[in-house]
Amino acid sequence: MNASDLQLNRVPPGQRVTTSFPVLHEGEVPDYRDLGQWNLRVFGLVEQEGEWSYEEFMALPRRTFRNDIHCVTAWSRLDNEWEGVAVSALLERVRPKPEAKFVMLHAEHGFTTNLPLEDFMRDTSFLAVKFGGEPLTPEHGFPVRMVVPHLYFWKSAKWLRGIEFTAADKPGFWERNGYHMYGDPWREQRYDFD
Ligand SMILES: Nc1nc2c(c(=O)[nH]1)N[C@H]1C(S)=C(S)[C@@H](COP(=O)(O)O)O[C@H]1N2
Ligand SMILES: [Mo]
């Protein structure tokens, strides 16, 4: 097997590799000059709701994560290096109830996206604060974005502000607008008719 075969195995069907980092989102980049107003709320079907201020969140333990990301618009970016907080660090404190089966991620300005609890809890999913050794740039989600690399990148909510645990799967913003409820790049679950 040569190097290009190895890369092929890492690129899902219908995707092409880019070394740039495209910026894609709906609406305005939030203005976060005043992080005193920022918090992250974890709520819904949990034993104890959680809320972290910016300072509290930045004091959580962090580690490096390496992954490949796949955007539904057909670009993939390999070998990304991030720094972030493991999902388990938040769940230790809030503890989802047994009825919790899905998660709705809530971002600034009302953007939402849904995923199964199991996918949210994978040890490859995390809350990113740095990309390539630097704090996230405003357009890539500063101060905190979700990263769920095994699903299409629209599930990786930028400007994350809330994590809601629910019993039933409800569509988020793009999912209401025709995107797939799950979004597995390896099965090309791009739109809801795929
Ligand atoms: N808050 C928020 N997060 C978002 C989006 C958005 O519109 N708002 N778009 C999603 C989509 S469709 C994609 S492809 C990725 C793009 O992330 P990037 O701009 O860092 O490449 O962010 C996702 N996260
Ligand atoms: Mo996207």
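In the predicted model, I163 touches L40, R41, V42, F43, L90, V103, M104, L105, F120 and L127, leaving aside residues up to four places away in sequence (contact: heavy atoms within 4.5 Å). Residues are numbered from 1 along each chain as its sequence is written, and side-chain values use heavy atoms, without hydrogens and water. In this predicted model, local features need pLDDT of at least 70 and side-chain atom pairs count only at pLDDT 80 or more, whereas totals for chains, interfaces and linings use all residues.

I163 is among the residues with the most contacts inside the largest nonpolar core, as are F57, L105, F120, L127 and F165; this core has 35 residues. A nonpolar core is a set of buried Ala, Val, Leu, Ile, Met, Phe, Trp, Tyr and Cys residues joined through side-chain atoms within 4.5 Å, buried meaning under 20% relative accessible area with a 1.4 Å probe, protein chains only. Two or more residues each come from β2 (39-44), α3, β6 (102-107), α4 (117-121), β8 (126-131) and β11 (160-166) (DSSP runs: helices H or I, at least four residues; strands E, at least two; numbered from the N terminus). The most is given by α3, with five residues. A second, separate core of twelve residues includes I69, W82, L136 and V147.

Within helix α3 (residues 87-94), V87, A89, L90, L91 and V94 are buried. R95 follows α3 and has a positive phi, near 50 degrees.

Conventions:
Chains are lettered from A and ligands numbered from 1 in the order in which they are written. Buried means under 20% relative accessible area, exposed over 50%, partly exposed in between (1.4 Å probe, protein chains only).
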